[in-house]
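Visitor: I am new to this structure. Please show me how to read it, one feature at a time.

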Amino acid sequence: MSLLRTGRRRAGRDRRDGRFGTVLVAAGTGILAVVALTVLLAPLLSSWGPNEIDGAAPTLAEPGGAHLFGTDVNGMDVWSRLLYAGRIDLGIAVAAVAVAVVLGSILGVVAGYFGGWLDDVLMRLTDIFQAFPTFILALTVAALLGSGPLNLTVAIALVNAPAYARLVRAEVRTIRDLTYVDAARTSGASTIGLLWRHVLPNSITPVRVIAPLNCGWAMLTLAGLSFLGLGIPVPDAEWGAMISLGTGDVVAGRWWTSVPPGIALLVCVLGFSLLGEGLQERADRVRR
């Protein structure tokens with residue numbers, strides 16, 4: 001019990017002096033850096049293309065030999081597809097969250113600063129989007145827009161944008177009446193310049209905390225859409241599609257077709273979660 005109490009006291013001290021948040025940020029950044037470097041070096045780490053079929057090897061070949069993680073039901077190299085799928089998953093997730101941050105921040109700044117009927121209209125639109133479960137909404141938008149990296153990026157971004165709009169709006173409504181904003185306004189600063197130089201930079205602090213967490217959610221959404229057949233079209237490699245394709249193989253003991261992409265997805269989401277939690281710890285420490 002004494003060791004347990006000592007550990008709790010030490011964890012409490014680490015949280016108070018900010019070391020806990022630093023550790024989480026370092027761990028999350030390290031995981032994501034390793035994953036990003038690995039997928040970027042895919043051509044050097046695998047001698048097979050993601051859609052290349054080895055005619056000399058049997059389908060569903062076990063790991064080993066010329067195929068580190070074996071082959072799938074189509075005779076494609078699982079290791080190569082795993083690496084190239086990481087490029088697609090990471091790229092779409094980060095791009096979708098970036099678009100959502102930009103779009104949501106613009107809507108939030110406009111609604112929070114000007115208020116009035118414009119605020120009411122924009123917030124009611126965000127209410128409509130947020131009234132639906134996020135994955136169901138993403139599923140609907142993806143079905144309407146169609147598959148493909150660009151359409152999936154837009155679909156995931158549209159689902160995420162309302163949350164950022166509300167966060168930024170709440171901050172702007174507090175900032176717009178502060179002294180330094182009034183001083184800039186009376187000094188003759190234009191509305192656009194005032195929003196760009198003074199209001200927006202000071203209202204996106206919560207966005208920086210939430211964005212990494214949403215990158216993990218975006219990866220899970222993309223994988224879920226691909227698992228259901230609404231994501232990246234075959235034969236392009238994507239982790240959710242690989243899991244879907246290999247689901248039946250697991251029952252037969254051929255784990256290598258779906259377990260590796262599942263682990264890769266888990267590791268990436270863990271990295272984004274640790275990064276987001278670490279940034280949250282730092283932000284809480286600053287507020288204290």
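Visitor: Which parts does the pair of Arg173 and Asp119 tie together?

Guide: Arg173 lies in helix α7 (residues 149-175) and Asp119 in helix α5 (residues 116-130), so the bridge ties together parts 54 residues apart in sequence. Helices here are DSSP runs of H or I, at least four residues long; strands are runs of E, at least two; both are numbered from the N terminus.

Visitor: What should I know about the model itself?

Guide: It is a predicted model: local features need pLDDT of at least 70 and side-chain atom pairs pLDDT 80 or more, while totals for chains, interfaces and linings use all residues. Residues are numbered from 1 along each chain as its sequence is written, and side-chain values use heavy atoms, without hydrogens and water.

Visitor: Is Asp119 buried or exposed?

Guide: First the scale: buried means under 20% relative accessible area, exposed over 50%, and partly exposed in between (1.4 Å probe, protein chains only). Asp119 is buried, with a relative accessible area of 5%. Arg173 is partly exposed, at 36%.

Visitor: How many salt bridges are there in the whole structure?

Guide: Six. One of them joins Arg81 and Asp72 (3.7 Å, N to O). Both Arg81 and Asp72 are buried. Another joins Arg254 and Asp249 (3.8 Å, N to O). Arg254 is partly exposed, with a relative accessible area of 28%; Asp249 is buried, with 10%. Shared partners also join Asp119, Arg169 and Arg173 into one network.

**The whole chain**

Visitor: How many helices and strands does the chain have?

Guide: Twelve helices and zero strands. The C-alpha trace spans about 75 × 60 × 35 Å along its principal axes. Of the 288 residues, 43% are buried.

Visitor: How do I read contacts?

Guide: Contact means heavy atoms within 4.5 Å. Among contacts in the chain with a separation of 6 or more, 74% are between residues 24 or more positions apart.

Visitor: Where is Ile31, and what does it touch?

Guide: Ile31 is in helix α2 (residues 19-40). Leaving out residues up to four places away in sequence, Ile31 touches Val267, Leu270, Gly271 and Leu274. Ile31 and Leu274 are 243 residues apart along the chain, yet their C-alpha atoms are separated by 9.3 Å. Ile31 is partly exposed, with a relative accessible area of 22%.

**The core**

Visitor: What is a nonpolar core?

Guide: It is a set of buried Ala, Val, Leu, Ile, Met, Phe, Trp, Tyr and Cys residues joined through side-chain atoms within 4.5 Å. The largest one here has 59 residues; Leu90, Val97, Tyr164, Met219 and Trp239 touch the most other members. Helix α4 (residues 78-114) gives the largest share, 15 residues.

Visitor: What does Trp239 touch?

Guide: Beyond its neighbours within four places in sequence, Trp239 is in contact with residues including Leu82, Ala85, Met219, Pro261 and Cys268.

Visitor: Which residues of helix α9 are buried?

Guide: In helix α9 (residues 191-199), Gly193, Leu194, Leu195 and Val199 are buried. Their cover includes α4, α7 and α8 (179-186).

Visitor: Which residues does Asp54 touch?

Guide: Trp48, His67 and Gly75, not counting residues up to four places away in sequence.

Visitor: How should I read a positive phi?

Guide: Most residues other than glycine have a negative phi. Leu60 has a phi near 55°, a positive value in a residue other than glycine. Leu60 is also found in the loop between α3 and α4. Leu60 is buried, with a relative accessible area of 18%.

Conventions. Salt bridge = Lys/Arg side-chain N within 4 Å of Asp/Glu carboxyl O.
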